[in-house]
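Trainee: I would like to go through this structure and ask what the terms rest on.
Mentor: Go ahead, and ask for the cut-offs as we go.

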Amino acid sequence: MKFGKWLQKGNMTSLKIKAPFLEAEWSPAKSDQDAAWALYIELLTRIATQPLNDKHGDEKTALNSIFSLFVITREVIKSHGRGCIQFAKLAVIVLNQIIRPFTAKWHSISIKDGFSDDEVCRQFRTELVQLQDLLCTYTRMLADMAGVEDLTEFEDR
């Protein structure tokens with residue numbers, strides 16, 4: 001299967017990827033599968049894919065959890081080495097095109113004490129839900145890459 005076709009299958013066609021990469025063969029190695037599993041578990045158990053109850057939780061903590069995905073993803077890539085290049089292709093794109101714009105915007109607001117404003121908090125939570133939808137799609141794709149059952153819809157929310 002081609003990388004572009006796999007992205008279509010996972011409904012991630014909005015990512016901006018150069019044509020030669022889209023036409024490359026998509027054949028995850030064991031290192032890709034292991035890396036995908038490691039990040040899959042991280043995403044599945046974080047605010048990245050889990051609802052933030054309106055009456056509970058903290059915006060700054062949620063933002064920090066999303067931001068921590070950069071460190072976690074880098075560590076997963078480094079620990080699985082050069083053999084996880086298929087995983088790294090997708091992971092780097094998701095970090096740079098999906099997560100980075102969100103964290104850059106909200107980090108700036110956060111350091112200016114923006115989360116002390118209820119309207120700003122509501123806007124953050126609205127945008128967090130939009131991000132979570134994209135990250136749930138990513139999480140499902142990681143489950144596919146890892147060759148495991150997808151548990152993103154396991155719980156009743």
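Mentor: Start with a term: helices (H or I, at least four residues) and strands (E, at least two) are DSSP runs, numbered from the N terminus. Aspartate 113 lies in the loop between H5 and H6. This is a predicted model, in which local features need pLDDT of at least 70, side-chain atom pairs count only at pLDDT 80 or more, and totals for chains, interfaces and linings use all residues. Residues are numbered from 1 along each chain as its sequence is written, and side-chain values use heavy atoms, with hydrogens and water left out.

Trainee: How many helices and strands does the chain have?
Mentor: There are six helices and zero strands.

Trainee: Why does aspartate 113 count as exposed?
Mentor: Buried means under 20% relative accessible area, exposed over 50%, and partly exposed in between (1.4 Å probe, protein chains only). Aspartate 113 has 52% relative accessibility, so it counts as exposed. Its phi is positive, about 65 degrees, although aspartate 113 is not a glycine.

Trainee: Why does asparagine 11 count as exposed?
Mentor: Its relative accessibility is 59%, so asparagine 11 counts as exposed. Asparagine 11 sits in the loop between H1 and helix H2 (19-22), and its phi, near 65 degrees, is a positive value in a residue other than glycine.

Trainee: Is glutamine 86 buried or exposed, and why?
Mentor: Glutamine 86 counts as buried because its relative accessibility is 10%. Its place is in helix H5. Contact means heavy atoms within 4.5 Å. Not counting residues up to four places away in sequence, glutamine 86 touches Glu25, Trp26, Ser27, Pro28, Asp32 and Met145.

Trainee: What makes a set of residues a nonpolar core?
Mentor: The members are buried Ala, Val, Leu, Ile, Met, Phe, Trp, Tyr and Cys residues, joined through side-chain atoms within 4.5 Å. In the largest such core there are 46 residues, of which Phe87, Leu135 and Tyr138 touch the most other members. H6 gives the most to this core, with 11 residues. Leucine 135 touches, among others, Ala48, Ile66 and Val94, not counting residues up to four places away in sequence. In soluble globular proteins, nonpolar side chains tend to be buried together.

Trainee: Why does the radius of gyration of the chain agree with a compact globule?
Mentor: The radius is taken over C-alpha atoms, and the globule rule is 2.2 Å times the number of residues to the power 0.38. For 157 residues a compact globule would have a radius near 15 Å, and the chain has 16 Å, which agrees.
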